[in-house]
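My entries follow in the order in which I made them.

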Amino acid sequence: MYKTILLKLSGEALAGDLGSGIDPKTVFEIAEQVKEVWELGVKIGIVVGGGNIWRGKTAEGLGMDRSQADYMGMLATIMNGLAVQDSLEHLGVPTRVLTAIACNNVAEPYIRRRAIRHLEKNRVCIFVGGLGNPYFSTDTASVLRATEIGAEIVLMAKNNTDGIYDKDPNKYDDAKLFSEITFEDILHLNLAVMDSTAASLCKDNHMNLIAFNMNKKGNIKKVVTGEKIGTYVHH
């Protein structure tokens with residue numbers, strides 16, 4: 001169904017049962033799902049978060065300078081991106097890690113045309129370092145990278161959550177799962193699925209999104225091939 005996708009992986013998703021840090025077994029299982037999609041001939045961009053290692057907003061709440069805390073979070077995404085790259089290449093999937101902040105010894109600098117060329121050569125592009133600027137989340141980075149590489153959809157892989165609910169399903173038994181929703185609804189209802197900057201960027205650039213549970217094996221392939229799971233968000 002989709003020929004070019006942007007897959008957003010949260011840092012927490014890489015922690016697995018450890019709760020924090022990087023769980024190699026979990027990362028390898030994610031890589032196996034990505035390989036299934038890559039074998040279909042789909043061009044894949046991946047943006048990884050860093051919340052399993054460091055959260056800038058949490059540090060800001062404890063009194064740290066927000067810019068400093070955010071830069072530390074960008075470094076955390078580079079570590080996660082390298083972990084994903086290692087697992088994918090163990091499975092025979094060619095990859096490139098492209099970073100928004102200079103880190104030439106371990107990753108290429110992000111250049112849009114270079115990223116598109118890598119995708120044309122059937123390499124999976126892993127985008128790290130956020131946007132290279134503080135105060136922007138990796139959700140926003142996902143939408144911007146998706147727009148830049150010409151992705152048709154942003155796939156937001158959620159950790160143990162089936163999609164977007166009207167309230168926290170871990171706290172409320174009567175939480176309702178949306179099968180379809182608009183970005184205007186996300187902004188109006190102040191839903192916590194993504195930050196308002198990312199939602200507005202999707203809306204303004206006509207970029208659709210699907211939020212789904214990545215912990216169910218095979219779900220990434222199901223979403224790419226058009227099976228209706230999770231929550232479809234449209235402009």
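I began with the crossing of helix 1 and helix 3, which is right-handed; I call a crossing left-handed if the near helix is turned anticlockwise from the far one by less than a right angle, and right-handed if clockwise. The model is predicted, so I noted that local features need pLDDT of at least 70 and side-chain atom pairs count only at pLDDT 80 or more, whereas totals for chains, interfaces and linings use all residues. Residues are numbered from 1 along each chain as its sequence is written, and side-chain values use heavy atoms, with hydrogens and water left out.

For helix 1 (residues 24-38) and helix 3 (residues 66-90), I found that the axes come within 9 Å and cross at roughly 60°, the axes being lines fitted to C-alpha atoms over the stretch in contact, with angles running from 0 to 180 degrees between N-to-C directions. Helix 1 and helix 3 are therefore oblique to each other, since angles under 35 degrees count as roughly parallel, over 145 as roughly antiparallel, 65 to 115 as roughly perpendicular and the rest as oblique. With contact taken as heavy atoms within 4.5 Å, I listed Val27, Phe28, Ala31 and Val34 of helix 1 against Ala83, Val84, Ser87, Leu88 and His90 of helix 3. By class, this contact has seven nonpolar, two polar and no charged residues, where Ala, Val, Leu, Ile, Met, Phe, Trp, Tyr, Cys and Pro count as nonpolar, Asp, Glu, Lys and Arg as charged, and the others, Gly among them, as polar.

I turned next to helix 5 (residues 138-149) and helix 7 (residues 196-204), whose axes come within 8 Å and cross at roughly 15°, and which are therefore roughly parallel to each other. Their crossing is left-handed. Asp139, Thr140, Val143 and Leu144 of helix 5 make the contact with Thr197, Ala198, Leu201 and Cys202 of helix 7, and by class I noted five nonpolar, two polar and one charged residues.

Strand 1 (residues 4-9) pairs with strand 2 (residues 43-48) in the parallel sense over six bridges, and I found Lys8 opposite Val47 of strand 2. Strand 9 (residues 180-182) is also parallel to strand 11 (residues 231-234), over three bridges, with Ile181 having Val233 as its bridge partner. Strand 10 (residues 208-213) runs antiparallel to strand 11, joined by three bridges, and there Ile210 stands opposite Tyr232.

Last, I counted eight helices and 11 strands in the protein, taking helices (H or I, at least four residues) and strands (E, at least two) as DSSP runs numbered from the N terminus.

Key:
Two strands pair if DSSP finds at least two bridges between them.
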